[in-house]
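Work through the exercises below with the model open. Each task is followed by its solution.

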Amino acid sequence: MSPLKHIPNTLTSMNLLCGCVGIVFCFTGHITGAGWLVLCATAFDFADGFAARALHAHSAIGKDLDSLADVVTFGVLPALIMMQLFITVNPLFHINASMGFPEFLLPWIPLLLAVFSALRLAKFNNDSRQKDSFIGLPTPANALAIAAFPNLIQNYLVKSGSEDLNIMEWSVFNLFSHPVAYVAYILLMCWLLIAELPLFALKFKNFSWADNRYAYILLLCSLLLLITFKIGALPLIVFLYVTLSLIKHISNFKKLT
């Protein structure tokens, strides 16, 4: 086998390494660094698929390795980021055995994201319908939304009370400040991961507006959001992606009927 054929699996392994280092960062207080590692892992995750297609290096081992890496990096790591951020914003809810029920459960609820991410990846590997599009939210999209949270909360804590505070920093801090909103967000994302919800993929067979209008709208709006909110735009981009996919699905359904 040509040495070049090992490039995709090497890139996938770098994705997994980012996830492992990010988990260590979560437990050593470097939560913002863990968020940035999710972004690095996403780049490796994109690159391994691109390299596999370019080098014609698809393999069963590569497919399994990719899923195992994604469970760690886009499942376990985002769950731990959510857990640590909740404890940071709500120090009274620090994990301890003396806390009463149901408050004791609150820091642990994000671990559901790891479970549902694993279910999502298992479904994807065995679902022939997901060759050119997705059914359910891809795990990297969920992880990218969460990757922005540490930076936004850090900015909120630094700028709290000043006029420089933006709407995303305020919103994310309040998400973690209110247990009901925090739990609702986690349950929503868990549902989206395994929902029978068609989502378009950013794969261009041609560059016409008619065939790719939703992808172009997403890319243009994403650029504007990134310019406005920088890394804080990621949660908005993910929810814009879901919304546009729903609109596309409803539009296609109406055409068929």
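**Exercise 1.** How much space lies in the second largest pocket?

*Solution.* The model is predicted: local features need pLDDT of at least 70, side-chain atom pairs count only at pLDDT 80 or more, and totals for chains, interfaces and linings use all residues. Residues are numbered from 1 along each chain as its sequence is written, and side-chain values use heavy atoms, without hydrogens and water.

Start with the term. A pocket is an open set of points on a 1 Å grid over the protein atoms alone, where a 1.4 Å probe fits, with protein on both sides within 12 Å along at least five of seven lines; lining residues have an atom within 4 Å of a point. Points are joined across faces, edges and corners, and a volume is the space filled by probe spheres set on them.

Now the value: about 610 Å³. Of its 26 lining residues, the closest to the centre are Asp132, Ser133, Phe200, Ala201 and Lys248.

**Exercise 2.** Which element gives the largest share of the lining of the second largest pocket?

*Solution.* Elements are DSSP runs numbered from the N terminus: helices (H or I, at least four residues) and strands (E, at least two). β1, β2 (198-200), α9 and α10 each supply at least two lining residues. The largest share, eight residues, comes from α10.

**Exercise 3.** What is the volume of the largest pocket, and which residues are closest to its centre?

*Solution.* The volume is about 1800 Å³. Of 47 lining residues, Asp45, Phe46, Phe134, Pro140 and Lys203 are the closest to the centre. Helix α2 (31-55) supplies the largest share of this lining, eight residues.
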